[in-house]
Amino acid sequence: MQVGFIKKLRTFKLLLICILPIRTQRVEHMKKIILASTSTLFGQGYLEYLLEELQSFFKGCSTITFIPYARPGGISHDAYTALAATAFSKINKKVVGLHSFTDPLEGLAQAEGIFTGGGNTFLLVQQLHQLQLINPLKAKIASGTPYLGTSAGSNIAGPSMKTTNDMPIVYPPSFDTLGVVNFNLNPHYMDPDPNSQHKGETRETRIREFHIFNTTPVIGLREGNYILVNGDHKILKGEGTARIFEAGKKPYESKNIPF
């Protein structure tokens, strides 16, 4: 009988997280999102190149809720959260790991700002589905809670995770992800090297294969670049351009996000 009550309570919390943003009129056009290709540039510390942007992006947030489920290199949730906490301490923000809550739905409901770190996208998506966090996280972002993603954490912002570079080390129940932006990402995008003797597939080839079966546009996001979303307005930040892939079109370079 107690187990049944706990399940009903969890379902009620799930409904509250998904419905409250609509009831409070914090609607879709208030989204605040940063999607970065990577967390770390060569020769720099974790999140170092983003800290100035994050200072203003998370203005008004004293604590950032960190989602550590992607676990790069198999790092523990605690160790990964400590890494994020060290970086955010430089801009006077505290960090709490979502894994540290007995009920992650409760932790998500309390979040002032959210950061999902990189690692393995398959593992991240499997965990989000298993913990029933996909829809609540989507609703939380749509309500205006600032969201930062790096690498795998950026991958999940699109409609699906189908353009990840990661190995399928676990099997998520679905490849569907948050869909808080209308494009997929290919983080860590690398251009083909015309002088290379390696004959394996390039990123461009793999994205072309994706577009044989899918129509979602894809942004090849190079290291050091990130996308800032404010409502419906999207800006590419960092140096240079992004590689844009649309079904039925030749890939092209753009400083703007055309969709």
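Colleague: Which helix is Gly 107 found in?

Modeller: In this predicted model, Gly 107 is part of helix α4.

Colleague: Buried or exposed?

Modeller: Gly 107 is buried, at a relative accessible area of 1%; the cut-off for buried is under 20%.

Colleague: What does Gly 107 touch, leaving out residues up to four places away in sequence?

Modeller: Gly 107 has contacts with Thr 65, Leu 98 and Phe 101.

Colleague: And how far apart are Gly 107 and Gly 97 in space?

Modeller: They are 8.7 Å apart, C-alpha to C-alpha, with a sequence separation of 10 residues.

Colleague: Back to Thr 65. What does Thr 65 stand opposite in β3?

Modeller: Val 96. Strand β2, residues 63-67, runs parallel to β3, and four bridges join the two.

Colleague: What is the strand order in the open sheet?

Modeller: The order is β3-β2-β4-β5-β1-β8-β9, seven strands with mixed pairing. At the edges are β3 (94-97) and β9 (233-237), each of which pairs on one side only. Ignoring direction, neighbouring strands in this sheet are turned by 20 degrees against each other on average.

Colleague: Which strands does helix α3 lie across?

Modeller: Helix α3, residues 77-89, lies across β2, β3, β4 (113-116) and β5 (147-150). Relative to β3, α3 runs at about 165 degrees.

Colleague: New topic, the largest nonpolar core. Which residues touch the most other members?

Modeller: Leu 35, Phe 183, Ile 219 and Ile 227, out of 37 residues in that core. Elements giving two or more residues to this core are β1 (32-36), α4 (104-110), α5 (121-130), α6, β8 (226-230) and β10 (242-245). The largest share is four residues, from α5.

Colleague: What does Ile 227 touch, not counting residues up to four places away in sequence?

Modeller: The contacts of Ile 227 include Ile 33, Ile 34, Leu 35, Phe 183, Leu 185 and Ile 219. Leu 221, Lys 234, Ile 235, Leu 236 and Ile 257 are also touched by Ile 227. Apart from this core lies another, of 23 residues, with Leu 50, Phe 57, Phe 66 and Tyr 80 among them.

Colleague: You listed α6. Why is α6 largely enclosed by the rest of the structure?

Modeller: Because seven of the nine residues in α6, which spans residues 134-142, are buried.

Colleague: Which ones are buried?

Modeller: Ile 134, Pro 136, Leu 137, Ala 139, Lys 140, Ile 141 and Ala 142.

Colleague: And what comes just after α6?

Modeller: Gly 144, which takes a positive phi of about 110 degrees.

Conventions: Residues numbered from 1 in each chain as written. Predicted model: local features only at pLDDT ≥ 70, side-chain atom pairs only at ≥ 80, totals over all residues. Heavy atoms only, no water. Buried < 20%, exposed > 50% of the residue type's maximum accessible area, 1.4 Å probe, protein only. Core = buried A, V, L, I, M, F, W, Y, C linked by side-chain atoms within 4.5 Å. Contact = heavy atoms within 4.5 Å. Pairing = 2+ DSSP bridges. Axes fitted to C-alpha atoms, helices over the stretch in contact; angles between N-to-C directions.
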